[in-house]
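Here is a short report on a protein model. Look at the structure first, then read on.

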2 protein chains.
Amino acid sequence: MSRGGRTGRRPGGADTRGEVLAAARRRFAHDGYEGSTVRGIAADAGVDPALVQHYFGSKRDLFKAAAAFPVDADALLPAVIAAETPTARAEALARMFFRVWEDETTRLQLLSVLRSAMTHEDAAALLRAFVATELLGPVAEALGVDQPALRTSLAAAQMVGLAMLRYVVQLEPLASASTETLVAHVVPVLELHLFGA
Amino acid sequence: MSRGGRTGRRPGGADTRGEVLAAARRRFAHDGYEGSTVRGIAADAGVDPALVQHYFGSKRDLFKAAAAFPVDADALLPAVIAAETPTARAEALARMFFRVWEDETTRLQLLSVLRSAMTHEDAAALLRAFVATELLGPVAEALGVDQPALRTSLAAAQMVGLAMLRYVVQLEPLASASTETLVAHVVPVLELHLFGA
């Protein structure tokens, strides 16, 4: 009898939620978002799939909870995608980035996610799946250019590196530059990455 | 009597070299390269300055040993600075970057440096001082443009982020793209950062 068949053995307790999350992190890390199922995760955690749904809602909601990514892309990306010119889209991306990173609470959470990814392969795999599916995928899809995934991830590399040097290494003059100065410098670069020369 | 005055108490032993390195890391992290002296570091370690010189050579040699940065900038930067056109310089930088990061030994050492910087403020301070003094300073000085330090560090941000996403998070398609593809995409961006539109 599979572990998933032990329906009712765990009607939900103090750490059942945590065990489902841990199972979800392992599955999403190893099999990716598309390759994982709520049923498989429930089986790994030894609970009924209905309990997983009760705790977390849809598979996508469970994925977002497992990734613990402190930014709600659903709330932020539409403004970027809706911007009409390449320059406006690049600027919307840059401003979204700084709005997120200049907030100390979010920044500390993002750094914690990055630190985990640098030290644990499972965390890196989970972050990779999340970033591709939830952050870069929707942007790439809306670009209407060749090589959208490569372009989007190169633009992301610019911003991830800027975050590392400004907020972690605190390299000057990046660390104390105003966000307006940085926006002015990165918008043409994001535009070049995303839309070409 | 200061600790630095205890000449002869430590003529050099199994861990004397390590203690000098530890003292150097603290000093360079707290006071920066310009603000640190071999005399002060020797005093912190309780040894004679001559012993520090005997072990490590000049202050700059000690700094490089303390930072434990696995890349010899002195060997790599002249080729970048000597390149004559903006495009050639950007391309030399990009190729130098991939030569360093595609080598597994160097990559693991660089990742170790980055991990330390993400978890220890002293390591971040040391990396900051090293990157500014040894890597970006010489490039910025040779640029002959306005805002050289800002431009150089924004270009560095592009490459640091690319390293994070390609080698740590292993985000696709960055992780499996050929270095030629990546060079083709980042050269115009580095040129834009370093020399303007």
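pLDDT is the predictor's confidence in each residue, on a scale from 0 to 100. Chain A averages a pLDDT of 87, and 92% of its residues score at least 70. This is a predicted model, in which local features need pLDDT of at least 70, side-chain atom pairs count only at pLDDT 80 or more, and totals for chains, interfaces and linings use all residues. Residues are numbered from 1 along each chain as its sequence is written, chains are lettered from A in the order in which they are written, and side-chain values use heavy atoms, with hydrogens and water left out.

**Confidence**

The model scores ipTM 0.82 and pTM 0.83. Helices here are DSSP runs (H or I, at least four residues), numbered from the N terminus. Among the elements of chain A, helix H2 (residues 38-45) has the highest mean pLDDT, 96. Helix H5 (residues 73-82) of chain A has the lowest, 85. Over residues 1-8 of chain A the pLDDT is below 50. Beyond near neighbours in sequence, this stretch has nine contacts in the model (contact means heavy atoms within 4.5 Å).

**Two copies**

How does chain B relate to chain A? A rotation of 180° with 0.0 Å of shift along its axis superposes chain B on chain A, with an RMSD of 0.0 Å. The same surface serves both: 100% of the contact residues of chain B recur in chain A.

**The interface**

The size of an interface is often given as the accessible area lost when the parts come together. Chain B and chain A bury about 3400 Å² between them, 78% of it on carbon and sulfur atoms. This buried area is the accessible area (1.4 Å probe) that the two parts lose on being put together, summed over both. In contact are 39 residues of chain B and 39 residues of chain A.

Which helix gives the most to the side of chain B that touches chain A? H9(B) does, with 13 residues. The residues on that side divide into 28 nonpolar, nine polar and two charged. Here Ala, Val, Leu, Ile, Met, Phe, Trp, Tyr, Cys and Pro count as nonpolar, Asp, Glu, Lys and Arg as charged, and the others, Gly among them, as polar.

Over all chains, the structure holds 20. In one of them, A:Asp74 pairs with A:Lys64, the closest N and O atoms being 2.9 Å apart. A:Asp74 lies in helix H5 and A:Lys64 in helix H4 (residues 59-67) of chain A, so the pair ties together parts that are 10 residues apart in sequence.

A:Arg128 sits in helix H8 (residues 121-143) of chain A. Its side chain reaches the backbone oxygen of B:Val169 at 2.7 Å. Leaving aside neighbours within four places in sequence, A:Arg128 also contacts residues including B:Gln170 and B:Leu171.

**Backbone details**

| Peptide bond | Form and omega |
|---|---|
| A:Glu172 to A:Pro173 | cis, near 0° |
| B:Glu172 to B:Pro173 | cis, near 5° |

A:Pro173 is in the loop between helix H9 (148-168) and helix H10 (179-195) of chain A. B:Pro173 is in the loop between H9 and H10 of chain B. A:Gln147 has a positive phi of about 45° although it is not a glycine. A:Gln147 is found in the loop between H8 and H9 of chain A.

Definitions and conventions:
Copies are superposed by least squares on the C-alpha atoms of residues with pLDDT of at least 70 in both. Helices (H or I, at least four residues) and strands (E, at least two) are DSSP runs, numbered from the N terminus. A polar contact is a pair of N or O atoms within 3.5 Å; within protein, one must be able to donate a hydrogen and the other to accept it, and residues adjacent in sequence count only if both atoms are side-chain atoms. A salt bridge is a side-chain nitrogen of Lys or Arg within 4 Å of a carboxyl oxygen of Asp or Glu.
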